[in-house]
Amino acid sequence: MDSNNKQANKHQDDTPQAPNDVPSALNSMDALSQYLKTTAGAREGRAIPPLERWHPEQVTDMDLVIKANGEWWHEGGQMTRESLVSLFATILWKEENQGKTEYFLKTPVQKIRIQVEDAPLLINDVGIVEEAGQRWLEFTTTTGDVVRLDDEHKIVLKAYNPNIPDKHAESQPHSDHAQASSAQDNNAQNAKDHQQQAAEQQIRPYMHVRQGLMALIGRNTFYHLAEIGELTEQNGETILTLQSGGQSYQLSMP
């Protein structure tokens with residue numbers, strides 16, 4: 001239903017599976033950027049390349065982090081060129097390995113592992129569009145994906161817990177008395193950390209976009225969504241009902 005996925009399917013066969021001129025190493029920002037800009041000309045608009053058809057054996061790492069607020073940071077500095085971030089977002093790839101979620105920038109010859117603090121995409125706009133007599137809720141990410149609320153792209157509410165570093169995994173005292181005292185201190189601090197974690201726990205709204213990638217719905221966008229929908233009380237809970245494509249979707253508000 002979303003326009004990006006339609007474009008991707010339409011032009012998928014026209015996109016080479018493994019171009020012969022791909023460099024053997026793309027783990028530098030400049031090399032990857034140059035490669036993507038060159039191959040983007042083979043795709044209309046912002047069509048997503050056929051990542052599922054690429055099976056590179058080479059895996060490397062890049063010091064690139066997608067922050068929980070949607071910002072992209074490379075080697076300790078924020079990436080401020082929106083066009084470059086949007087370009088890199090077209091090759092975002094997610095894998096589940098032994099119960100662990102990993103994210104990559106995927107090319108025909110290489111998977112470049114990156115870090116994602118929360119969701120790899122961020123939705124910052126929602127509006128109502130009409131098509132063939134149907135009204136749809138249409139969402140746009142900061143990197144150019146456009147999706148509509150339907151059975152394949154539902155909104156879910158999930159808890160987000162920021163990571164709290166272990167401040168006490170340092171050298172242990174040697175004496176029995178010191179060890180006992182340290183254990184008590186650690187227990188007290190652990191209890192405090194658990195309380196802090198519970199206090200900081202946030203319930204956030206997310207939406208599936210493409211190929212298993214989720215997008216966080218930004219706070220202002222979600223407020224706008226609540227204004228578009230209908231709020232009712234059911235059994236002591238506030239329910240947000242949204243209409244899209246002739247279907248009704250309900251969320252239990254936190």
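Visitor: What makes the link between the side chains of Arg210 and Asp145 a polar contact?

Guide: The two side chains are joined at 2.7 Å, and the cut-off for such a pair of N or O atoms is within 3.5 Å, so the pair counts as a polar contact. Please keep in mind that this is a predicted model.

Visitor: Which backbone atom lies 2.8 Å from a polar atom of the Arg210 side chain?

Guide: That is the backbone oxygen of Ala89. Ala89 belongs to helix 3, which covers residues 82–89, while Arg210 sits in strand 11, residues 202–210.

Visitor: Why is Arg210 called buried?

Guide: Its relative accessible area is 3%. Buried means under 20%, so Arg210 qualifies as buried.

Visitor: And how do you know whether Gly76 is buried or exposed?

Guide: The relative accessible area of Gly76 is 62%. Exposed means over 50%, so Gly76 is exposed. You will find Gly76 in the loop between strand 2 (72–74) and strand 3 (77–78). Its C-alpha atom is 8.3 Å from that of Leu64, a residue 12 positions away along the chain.

Visitor: Where is Leu64, and is Leu64 buried or exposed?

Guide: Leu64 is part of strand 1, residues 58–66. With a relative accessible area of 1%, Leu64 falls under the 20% limit, so the word is buried. The C-alpha atoms of Leu64 and Gln115 are 6.3 Å apart, although 51 residues separate the two along the chain.

Visitor: What place does Leu64 have in the largest nonpolar core?

Guide: That core has 39 residues, and Leu64 is among those with the most contacts inside it, together with Trp72, Leu92, Phe139 and Ile155. Helix 3 gives the most to this core, with 4 residues. Another core, of 7 residues, lies apart from it and includes Ala68, Leu122, Tyr206 and Met214.

Visitor: Which residues does Phe139 touch beyond its neighbours within four places in sequence?

Guide: Among them are Ile123, Val126, Val147, Leu149, Ile155, Met207, Ile217 and Leu225. Asp145, the polar partner of Arg210, is also in contact with Phe139.

Visitor: Leu225 is in helix 5, I see. What makes one face of that helix the buried one?

Guide: The buried residues of helix 5 (residues 219–228) are Thr221, Phe222, Leu225 and Ala226. Seen down the helix axis, they fall within an arc of 145°, so they line one face. An α-helix has 3.6 residues a turn, so residues three or four places apart point the same way. On the other side of helix 5, Asn220 and Glu227 are exposed.

Visitor: How much of the chain is buried as a whole?

Guide: Buried residues are 41% of the 254 in the chain. The chain has 5 helices and 15 strands, and it exposes about 14400 Å², with carbon and sulfur atoms supplying 45% of that area. Of the contacts with a separation of 6 or more, 63% join residues 24 or more positions apart.

Terms used: Residues are numbered from 1 along each chain as its sequence is written. This is a predicted model: local features need pLDDT of at least 70, side-chain atom pairs count only at pLDDT 80 or more; totals for chains, interfaces and linings use all residues. Side-chain values use heavy atoms; hydrogens and water are left out. Helices (H or I, at least four residues) and strands (E, at least two) are DSSP runs, numbered from the N terminus. Buried means under 20% relative accessible area, exposed over 50%, partly exposed in between (1.4 Å probe, protein chains only). Contact means heavy atoms within 4.5 Å. Accessible areas come from the Shrake-Rupley method with a 1.4 Å probe; for residues, only the protein chains shown count as cover. A polar contact is a pair of N or O atoms within 3.5 Å; within protein, one must be able to donate a hydrogen and the other to accept it, and residues adjacent in sequence count only if both atoms are side-chain atoms. A nonpolar core is a set of buried Ala, Val, Leu, Ile, Met, Phe, Trp, Tyr and Cys residues joined through side-chain atoms within 4.5 Å. The arc is that of the directions from the helix axis to the C-beta atoms.
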